[in-house]
Amino acid sequence: MKIIVDAFGGDNAPLEIIKGCAEAVAEFDDLSIILTGDEGKILKVANDNNISLDRIEIHHCTEVITMDDHADAVLKTKKDSSMAVGFNLLKSGEGDAFVSAGNSGALCMGATLAVKRIKGIKRPAFSPVMPSANGMLVDGGANVDCRPEMLVQFAVMGSIYMNRVMKIDNPRVGLANVGTEDHKGTELYQTTYQLLKESNLNFVGNVEGRDIPQGICDVVVCDGFTGNLILKTYEGVAMVVMNEIKSLFTGSLKGKLSASLVLGDIKKLKKKLDHNTYGGAPVLGASKPVFKAHGSAKAVTVKNAIRLSRDYVLADAIGEISKVINSED
């Protein structure tokens with residue numbers, strides 16, 4: 001299997017991206033990588049940091065899409081960027097999946113207009129799996145304004161992903177809302193509630209924000225505006241909690257002695273709350289596997305995003321989404 005990776009996407013590119021790719025190919029014998037980006041810079045970074053490029057090829061390009069660029073730069077002004085070239089390679093079948101930690105808007109536009117949507121899908125959606133809760137959030141920020149039928153499609157796609165890739169039988173679907181009663185929320189959420197209730201999905205009803213981290217459902221459905229707020233708040237609280245725990249155990253001799261007794265448990269908790277654990281969010285609804293890694297991705301994040309994209313391909317989740325969506329027409 002061949003995964004295309006944007007070498008210059010994200011805050012820590014290209015070093016952490018290259019390291020993550022090297023770790024991924026070392027872990028999976030069936031995997032090879034195409035890195036898109038400036039070949040000279042990639043080779044220098046690899047050489048300076050003693051990183052093996054075994055089973056990693058480089059597709060040279062000259063431009064980079066920054067976080068300040070408009071989303072349409074991937075299609076118009078920066079066609080020779082590492083992201084745009086990655087999409088073109090994926091579209092032409094030269095790779096099985098594409099991973100980037102770059103500009104979210106540009107990634108979503110490329111997935112929608114360059115790679116195209118699955119037939120019948122109204123909008124692709126960012127779909128991160130949240131640490132601790134182990135639940136998928138759909139949409140995590142791609143679609144600020146949504147219609148009820150879009151949210152139902154998000155629920156279908158999220159259920160298939162959690163079943164096929166995360167191996168959860170009959171995933172529970174919850175609708176993010178301001179209360180659990182069926183009459184809560186705006187017209188969008190009230191209508192969506194009724195549609196989900198009438199669907200064949202394992203719909204468990206409305207879920208409140210405080211219940212999401214407890215894993216009350218496997219797929220949390222919402223519009224992208226709400227989802228992004230949930231996701232960023234979740235990540236922020238996790239960081240605060242870990243920083244407070246660190247201060248507690250390093251602020252005094254008593255704390256340091258206590259830390260030595262529970263260090264293993266603290267590391268397990270840190271891993272459980274860390275967004276790097278899952279690495280990437282699939283752009284569900286794109287006709288080929290596209291993964292968005294966190295903008296601050298480290299090597300482990302990139303490696304895990306590549307692992308997830310590999311699992312996504314092997315599970316043929318896109319084929320199942322297409323079959324289910326188009327059987328409903």
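# Close-up views: salt bridges and cysteines

**View 1. Glu16 and Lys19 sit about one helical turn apart, being 3 residues apart in helix α1 (residues 15-27).** Helices here are DSSP runs of H or I with at least four residues, and strands are DSSP runs of E with at least two, numbered from the N terminus. The model is predicted: local features need pLDDT of at least 70 and side-chain atom pairs count only at pLDDT 80 or more, while totals for chains, interfaces and linings use all residues. Residues are numbered from 1 along each chain as its sequence is written, and side-chain values use heavy atoms, with hydrogens and water left out.

**View 2. The side chains of Glu16 and Lys19 form a salt bridge, at 3.5 Å from N to O.** The term salt bridge means that a side-chain nitrogen of Lys or Arg lies within 4 Å of a carboxyl oxygen of Asp or Glu. Side chains of opposite charge can pair when their charged atoms come close. Glu16 has a relative accessible area of 13% and is buried, whereas Lys19, at 30%, is partly exposed. Buried means under 20% relative accessible area, exposed means over 50%, and partly exposed is in between (1.4 Å probe, protein chains only). The structure holds 14 salt bridges.

**View 3. Asp30, Arg307, Arg310 and Asp311 are linked in a network of salt bridges.** Helix α9 (residues 299-315) contains both Arg307 and Asp311, which are 4 residues apart, or about one turn of the helix. Arg307 is partly exposed at 23% relative accessibility, and Asp311 is partly exposed at 23%. Arg310, at 14%, counts as buried.

**View 4. The structure has 0 disulfides, a disulfide being a pair of cysteine sulfur atoms within 2.5 Å.** Cys21 is in no disulfide, and the nearest cysteine sulfur, that of Cys61, is 13 Å away. Cys21 is buried, with a relative accessible area of 0%.

**View 5. The sulfur of Cys108 is too far from any other cysteine sulfur for a bond, because the closest, in Cys146, is 11 Å away.** Cys108 counts as buried at 12% relative accessibility.
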